[in-house]
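Colleague: I am new to this structure and would like a close look at one part of it, the helices and the sheet of a single chain. Please take me through that part in one connected account.

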There are 2 protein chains.
Amino acid sequence: MIDVCLLGTGGTMPLKSRWLSSALVRHNGKCVLFDCGEGTQIALKCANFTFKPIDVICLTHFHADHVSGLPGMLLSMGNEGREQPVLIIGPRGTRKVVSSLCTIAPGLTFDIEIAELINPDETFYFNGFTITAFKVNHAVSCYGYRLDVPRAGKFDVEKAKANNVPMALWSRLQKEETAEYEGKTYTSDMVLGEKRKGIRFVYSTDTRPTESLYENCMGANLAILEGMYGADEKESHAKIKMHMTFAEAADIASKANAQELWLTHYSPSMPNPQDYISEAQSIFPQTQLGFDGKTKTIYFPE
Amino acid sequence: MIDVCLLGTGGTMPLKSRWLSSALVRHNGKCVLFDCGEGTQIALKCANFTFKPIDVICLTHFHADHVSGLPGMLLSMGNEGREQPVLIIGPRGTRKVVSSLCTIAPGLTFDIEIAELINPDETFYFNGFTITAFKVNHAVSCYGYRLDVPRAGKFDVEKAKANNVPMALWSRLQKEETAEYEGKTYTSDMVLGEKRKGIRFVYSTDTRPTESLYENCMGANLAILEGMYGADEKESHAKIKMHMTFAEAADIASKANAQELWLTHYSPSMPNPQDYISEAQSIFPQTQLGFDGKTKTIYFPE
């Protein structure tokens with residue numbers, strides 16, 4: 001299972017009741033933060049999360065509304081006693097941006113590791129999940145992120161017996177480990193059935209609709225996508241500014257057979273996103289308005 | 001007159017209901033911002049100020065809680081259409097810090113002028129007021145700021161007549177201008193009485209009590225000083241961390257004959273500053289707790 005918390009839903013500038021677009025995913029005690037605009041550390045506190053377990057920070061791009069909260073966040077992580085390194089993933093230039101912002105965050109108690117994205121698609125492997133960065137289409141280099149929690153096949157007693165796997169190894173092989181016994185190697189595929197559907201989560205803002213966005217949203221349990229503008233007549237403006245409308249985000253989620261879509265990154269010129277939700281739902285009924293602090297726990301399907 | 005707005009009262013990290021320590025002073029349509037931590041732009045919006053008229057930004061020092069809101073603030077000033085240059089005053093290193101932070105605020109529509117403080121005292125002259133930066137005592141180089149609005153003497157008809165000042169020049173000389181008439185130079189001291197008491201405002205956080213702080217608070221109409229810790233028993237901790245307690249701030253204000261003291265820059269470990277106010281008031285009765293959005297208009301004395 002994963003816990004998702006949409007920390008903020010604002011684009012461009014934070015409002016009194018709308019933090020900048022950012023989301024947190026927690027899985028097995030590890031936390032991944034997507035974007036970190038000004039005020040994200042307050043949003044995180046409001047949502048009752050702590051700073052210390054943030055192991056990975058994924059930056060979509062370097063516009064200030066997605067990254068200016070980084071120095072304060074890193075300092076607060078240090079104040080909570082973090083000592084383990086933090087991995088920051090972002091477009092080419094991440095090292096320079098992080099190093100510049102850290103001018104005002106000296107003396108951190110932990111190391112920062114940087115992964116600069118070079119290819120249109122890059123996957124990072126963690127204990128129990130993967131994060132795939134995929135290039136989208138904005139005014140500057142920008143990436144969306146897909147987080148997958150794979151799920152092994154069911155334990156198949158008949159298969160284990162047919163493969164003569166000693167019973168003492170069953171539990172290790174069930175955890176997808178490999179085991180040696182009396183000079184022979186046993187692998188998990190000797191005891192497990194077909195891999196089952198896992199959990200897929202997508203976070204992407206600041207882009208026009210792209211083939212990459214559609215492909216990465218395929219079958220997602222939850223996609224958090226930007227809906228910078230609600231009104232359809234804003235589409236031409238969205239094209240100029242390289243953003244998406246509610247309808248465009250809903251269209252992506254629908255075509256990708258996603259299970260649920262949360263809209264985010266609302267323009268400060270749109271005080272009432274609810275005015276435009278019904279049209280998006282006519283395209284993709286599982287469209288929901290994101291709001292600051294909106295949470296969901298996603299389980300493996302039964 | 002000047003309008004003062006204490007935008008935030010938090011030290012170290014912003015809380016849900018406590019923005020980071022920052023204050024705005026408005027005089028004759030010009031605005032001066034003191035410090036700009038994460039979230040200051042939201043605090044400014046909440047207090048119904050706009051970004052565009054901010055002409056001067058005074059930074060006390062470069063700890064993130066005093067400066068991390070700068071890129072977002074500058075972008076928002078640009079979004080409101082500012083074209084006039086902005087002066088940023090701060091300790092040695094301001095140029096590097098501002099330039100580093102502006103990595104995520106490219107393409108601003110206005111120029112940034114930097115004044116790096118080198119001397120223990122430096123005064124900047126603006127139309128109708130002065131700002132004096134004075135060195136205080138923190139773990140890093142840190143300055144307090146004093147803003148003075150001087151007030152000319154009263155127009156003295158008898159003096160003007162005694163000095164044979166042509167009546168046609170009276171109004172210009174009253175505005176402290178100099179005038180030429182029939183080959184002769186006339187100055188404002190030929191028509192004005194003794195200079196009168198003006199308005200003095202002081203903003204200082206992150207320091208131990210210093211002689212400079214005491215001197216610059218002398219006779220201030222309002223001093224906004226840090227009260228990082230409320231309890232007296234925190235004094236030894238304050239000494240180590242190079243901050244002030246409520247009592248120490250009240251003592252400075254009392255000795256300097258200030259008219260009013262607002263406490264600010266509360267430690268996040270102190271959720272209820274009101275628990276400690278009475279003791280500070282026993283030292284200096286005009287001590288008030290600062291709170292986010294607290295405002296005051298200060299007029300010339302009658």
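Modeller: Chain A is split into two domains: domain 1 covers 2-151 + 199-298, and domain 2 covers 153-194. Between the C-alpha centres of domain 1 and domain 2 of chain A there are 39 Å. This is a predicted model.

Start with the sheet. Seven strands of chain A make an open sheet with mixed pairing, in the order β7-β8-β9-β12-β13-β14-β15. Its edge strands are β7 (121-126) and β15 (287-289) of chain A, each of which pairs on one side only. From one strand to the next, the twist averages 20°. Strands of a sheet pair through backbone hydrogen bonds, and they may do so parallel or antiparallel. A:Trp262 has A:Gln288 of β15(A) as its bridge partner.

Strands β14 and β15 of chain A also meet a helix, α9(A): its buried residues pack against both of them, and against α7 (211-216), β13 (222-226) and α10 (277-283) of chain A. Helix α9 of chain A spans residues 246-255, and seven of its ten residues are buried, so the helix is largely enclosed by the rest of the structure. The buried residues of α9(A) are A:Phe246, A:Ala247, A:Glu248, A:Ala249, A:Ala250, A:Ile252 and A:Ala253. Just after the helix α9(A), A:Asn257 has a positive phi of about 55°.

Helix α4 of chain A, residues 94-101, has as its buried residues A:Thr94, A:Val97, A:Val98, A:Ser100 and A:Leu101. Viewed down the axis of α4(A), these buried residues fall within an arc of 160°, so they line one face of the helix. An α-helix has 3.6 residues a turn, so residues three or four places apart point the same way. Within chain A, the buried residues of α4(A) pack against α2 (64-67), α3 (70-79), β5 (86-91) and β6 (112-117), and they also pack against α4 (94-101) of chain B.

That last partner leads to the contact between the chains. Chain A gives 24 residues to the contact and chain B gives 24 residues. On the side of chain B that touches chain A, the elements giving two or more residues are α1 (40-46), α2 (64-67), α3 (70-79) and α4 of chain B. Sorted by class, that side of chain B has twelve nonpolar, eight polar and four charged residues.

Notes: Residues are numbered from 1 along each chain as its sequence is written. Chains are lettered from A and ligands numbered from 1 in the order in which they are written. This is a predicted model: local features need pLDDT of at least 70, side-chain atom pairs count only at pLDDT 80 or more; totals for chains, interfaces and linings use all residues. A residue is buried if 20 or more other C-beta atoms lie within 10 Å of its own, exposed if 12 or fewer, and partly exposed in between; C-beta atoms are placed from the backbone. Helices (H or I, at least four residues) and strands (E, at least two) are DSSP runs, numbered from the N terminus. The arc is that of the directions from the helix axis to the C-beta atoms. Two residues are in contact if their C-beta atoms, placed from the backbone, lie within 7 Å. Domain bounds come from an automatic or database domain assignment. Two strands pair if DSSP finds at least two bridges between them. Axes are lines fitted to C-alpha atoms, for helices over the stretch in contact, and angles run from 0 to 180 degrees between N-to-C directions. Ala, Val, Leu, Ile, Met, Phe, Trp, Tyr, Cys and Pro count as nonpolar, Asp, Glu, Lys and Arg as charged, and the others, Gly among them, as polar.
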